[in-house]
Amino acid sequence: MTYDPAEARRAILDRLRGALSGPRPVFRDRSHLSGAPGTPSAVTGADGDRRSLAEQFGVQLEEIYGTYEILEDATEARARLVQLVTDWSTEEDAEVLSWASRALPIENLGESLEESGISLFVPEDLHDESTRARAARARIGLTGADAAFASTGSIVVASGRGKSRAASLLPLRHLVLVPMSRIYPTFEAWLHTLRQEQGLGSYLRVSGQIVFITGPSKSADIELNLTLGVHGPRVVHALIYDDAW
Amino acid sequence: MTNNSTSRPRVALFVTCMVDTLHPGVGTAAADLLERHGVDVIFPEKQTCCGQPAYNAGYRKDARALARHFIDVFWPLVDEGRIDAVVAPSGSCVAMVKRQYPVLFETQDEEYRMRAVQLGEVTFELTQYMVDFLGICDTGAGFSGKVAYHPCCHLLRELRIDAQPRRLLASLREAEIVELPGADECCGFGGLFALKNAEISTAMGRRKADNLKASEANLVVMNDVSCMTHLNGILEHEGHACRAVHIAELLNRRDEGDGG
Amino acid sequence: MAVDAGAPYATRVRQALADDGMRAALDRATGHLRERRDRAIAEIDERRFRDEAGAVRRYAIQHLPDLLEQLEGNLIGNGCQVHWARDAAEALGVVLDIARENRVGDVAKSKSMVTEEIGLNDALERSGINVVETDLGEFIVQLAGEPPSHILAPVIHKRVEDIAEVFSDKLDIPHTTDPVELCAAARRELRNEFLVADMGISGCNFAIAETGTICVVTNEGNGRMVTSLPRVYVAIAGIEKVVRSAEDAVLLWQAASRNATGQKVSVYFSMSSGPRRRGDTDGPEEMHVILLDNGRSRILERGYGDATLCIRCGACIDVCPVYREIGGHAYGRTPYSGPIGAVLTPLLDYDIHGARDLPFASSLCGACRDVCPVKIDLPRLLLDLRSVVVERGGSPMSERVAIRAYSTAARRPVPYRALARLAGWLRPLAGLLPPLATWKRGRSLPRFAARRFGALWRERVRDDEGGTE
């Protein structure tokens with residue numbers, strides 16, 4: 001028996017069409033059927049000004065074992081970042097696996113970190129073996145957030161030029177820069193904005209992958225004991241700053 | 001009650017096959033309760049079984065035959081305006097009539113499906129009828145001891161009846177109503193399940209018995225004699241002192257000093 | 001004593017009920033999950049949440065062929081390769097072909113029930129490909145040589161002591177029962193696997209038709225690893241996983257999270273819309289999506305489409321009083337256990353008979369229906385499947401005879417009364433009658449009343465008439 005992809009495709013679709021248009025209803029329980037459903041409403045809400053959304057984001061993140069600080073502006077965030085990385089970099093492998101400087105939300109961040117003696121490792125191709133090994137050694141990952149959500153403490157990172165997936169995934173600690181302008185009350189509000197403004201579809205398709213991250217990696221598989229940092233970061237620290245001016 | 005005879009509610013009692021053969025006292029208690037609160041009760045003697053055992057075991061044809069019989073006994077009484085309601089001391093059998101009869105006749109027999117729907121609209125579980133239709137909150141009964149309430153699954157999750165029996169129990173004289181851990185978990189009866197999966201059924205029953213022990217209840221009250229029979233079997237077998245009773249019998253207890 | 005998932009149903013149940021360690025673990029775990037779920041659901045407008053989630057899933061199933069074609073078009077537009085597979089054999093063939101073409105030696109897999117359904121690990125290993133499960137729980141059951149026993153918590157049947165045994169046995173680490181240390185050992189072991197794997201395989205929680213996007217939900221991050229690090233990424237999606245839009249997927253993600261573990265959302269939600277783009281640092285060079293039927297279109301043909309609404313949250317399993325007593329392995333060689341498993345397993349089988357005991361493994365208490373986030377009427381489906389088993393002659397002869405006798409008698413009052421009397425007389429013979437003997441094993445027998453209610457009623461009416469006249 002040989003596999004004919006076109007035949008398999010046709011057979012499946014024909015069968016489905018037959019079942020759906022046949023005399024026999026496909027559902028036993030027809031009490032819940034209605035027309036095309038509208039856009040789903042927000043599951044949990046959050047509102048307030050940018051400051052208040054920032055605080056709600058932080059509180060939610062803390063609830064799921066993340067940590068956060070709210071800083072006045074980009075300058076303060078930059079200073080705090082330098083200090084944190086210095087404090088955390090006691091080991092010899094003091095490299096920070098990072099998004100490219102231009103992909104980070106604070107301008108010239110890479111340069112000012114270098115001035116403080118902190119080197120950012122921005123990999124070019126992770127399928128290169130030595131690059132991969134070097135990335136795997138990094139203890140700290142640094143990224144921006146493409147969006148953040150006050151109601152859940154989640155962030156979105158989209159893959160793209162200079163925006164490695166590994167930086168928010170491989171190291172034990174993930175530092176994420178969250179400008180207040182990117183904090184939305186809810187997922188639904190963000191999706192709504194994207195759909196209205198620039199086309200949700202193209203946003204999702206431009207990146208190979210977009211990921212929602214809600215706190216540190218965790219598992220409760222061992223008799224429901226919560227353990228953090230199973231495969232991804234054990235620490236997710238958000239530096240939230242006001243980027244309005 | 002000062003109702004004159006024309007406005008007295010008229011009810012046909014469906015006692016269910018298990019009450020009829022195993023626990024007739026529950027039927028008597030149900031009839032007493034209704035009559036004492038001004039209801040004219042009739043008992044259609046041709047009634048047998050709602051067909052649930054066969055239905056739940058997968059025997060649709062047999063269940064349909066029993067459902068037809070049930071409809072033939074009760075529907076004409078409703079259709080001819082001789083009764084206002086069918087009342088049964090069971091959540092499970094009422095759920096069978098209200099929820100499953102329409103499924104049973106869905107593609108088989110439109111006439112019987114319609115009758116089933118009409119009959120379902122006026123078929124009620126005893127405590128629901130007492131509280132929601134007769135407005136009874138207190139039957140004057142008493143029990144000196146600790147009482148736990150076990151909500152039977154079909155009563156709770158098919159019919160959504162919970163407040164009514166609890167409200168009636170709250171009025172019991174002298175009784176202390178105790179919290180039953182895991183109260184809304186199934187006791188493990190489940191009709192033929194109790195035989196087909198006897199070991200799982202008894203494991204579930206033992207869990208309920210353990211919870212009853214923890215609650216320190218002397219009595220556990222429920223609205224279905226099926227679950228009651230199963231639980232009493234477990235409690236007796238396990239040597240627990242607690243016993244399961246049907247709510248009608250408890251609510252129908254008259255105070256000793258009543259004189260009546 | 002562990003449960004042998006390949007044994008007959010009665011044996012599996014007996015083994016499960018005798019396994020006190022497993023039952024203790026199950027009891028704790030399901031209780032904990034139920035509490036977490038209850039808290040998470042109490043925070044939200046449950047009615048609206050279920051209405052919307054149910055409507056979104058029902059719409060998707062009703063428009064399945066169109067949405068699948070739209071999905072396919074968009075996936076291809078995004079640079080993915082799309083494969084259609086009618087059954088397990090075709091899907092396995094596709095995976096093996098992709099593996100061969102890419103000279104794959106090591107596969108890292110994220111937890112996926114659909115790959116359990118088609119027996120992917122065995123097939124890969126038979127072709128000399130090393131495959132590692134990377135979800136912590138799934139990794140543990142793989143080490144132990146067992147199938148998963150719960151769609152979300154594969155190792156829910158094991159206590160920490162049991163897991164410690166497995167680790168010290170198979171991983172060559174000092175014996176420890178500290179979950180943090182056990183987890184660290186798994187991280188070390190699996191980190192290496194992620195870095196060397198040539199191919200990542202995941203299932204698919206939701207496939208977004210509008211954008212051509214495969215969504216994978218994880219908490220540990222293994223879903224991100226397998227979709228980001230290996231050169232080749234293969235997603236295997238049951239055809240029922242397709243949804244209309246990103247908005248719908250995000251709603252269902254929240255529904256799955258709250259109902260599965262009581263989280264607002266899972267830690268990670270990866271939305272892959274193709275291989276890495278030009279200039280990207282990482283991500284797969286090839287992304288394949290296998291759209292698998294394997295019995296799903298037949299489920300729709302048979303009119304059990306409700307079962308295809310399932311979003312695999314596991315809430316029905318955690319509230320099931322039967323699952324709590326026997327665990328997942330008692331449902332046999334199937335990744336789907338609990339109420340949804342008792343429905344899906346026989347339906348996915350060509351012959352419903354293969355799993356004919358499962359629809360009866362329920363007391364029909366209805367707890368599952370009350371929690372289902374997409375409002376699947378599970379008791380209804382179980383009842384319908386029971387009738388199919390019976391119609392096809394799959395019930396025991398003794399039962400058929402007994403039910404037929406009972407329902408024939410109970411159709412008319414006179415034989416019904418005779419039968420009731422007969423039952424009363426037979427009570428002393430309980431030891432000889434199989435059903436009564438079964439009842440008696442763990443329960444005392446009820447007594448048949450000396451007089452039926454009907455007789456009491458006649459007396460009562462007579463007394464009344466006498467009294468009032």
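1. Before you look at the helices, one term: a crossing is called left-handed if the near helix is turned anticlockwise from the far one by less than a right angle. Keep in mind, too, that this is a predicted model.

2. Now try that term out in chain C. Helix 16 of chain C crosses helix 18 of chain C in the left-handed way. Helix 16 covers residues 338-348 and helix 18 covers residues 378-391, and the two pack at an angle of about 40 degrees with their axes 10 Å apart. Because of that angle, helix 16 of chain C counts as oblique to helix 18 of chain C.

3. Which residues make this contact? From helix 16 of chain C come P339(C), I340(C), A342(C), V343(C) and P346(C), while helix 18 of chain C brings in L378(C), L381(C), L382(C) and L385(C). Sort them by class and you get nine nonpolar residues, no polar ones and no charged ones.

4. Next, have a look at where chain C meets chain A. Here 92 residues of chain C are in contact with 71 residues of chain A. On the chain C side, the most comes from helix 3 (residues 46-62), which gives ten residues. The classes on that side of chain C are 39 nonpolar, 26 polar and 27 charged.

5. Finally, check out the strands that link up between these chains. Strand 9 of chain A (residues 209-213) pairs with strand 9 of chain C (residues 268-272) in the antiparallel sense, over five bridges.

Definitions and conventions:
Residues numbered from 1 in each chain as written. Chains lettered and ligands numbered in written order. Predicted model: local features only at pLDDT ≥ 70, side-chain atom pairs only at ≥ 80, totals over all residues. Contact = placed C-beta atoms within 7 Å. Helix = DSSP H or I, 4+ residues; strand = E, 2+ residues; numbered from the N terminus. Nonpolar A, V, L, I, M, F, W, Y, C, P; charged D, E, K, R; others polar. Pairing = 2+ DSSP bridges. Axes fitted to C-alpha atoms, helices over the stretch in contact; angles between N-to-C directions. Parallel < 35°, antiparallel > 145°, perpendicular 65-115°, else oblique.
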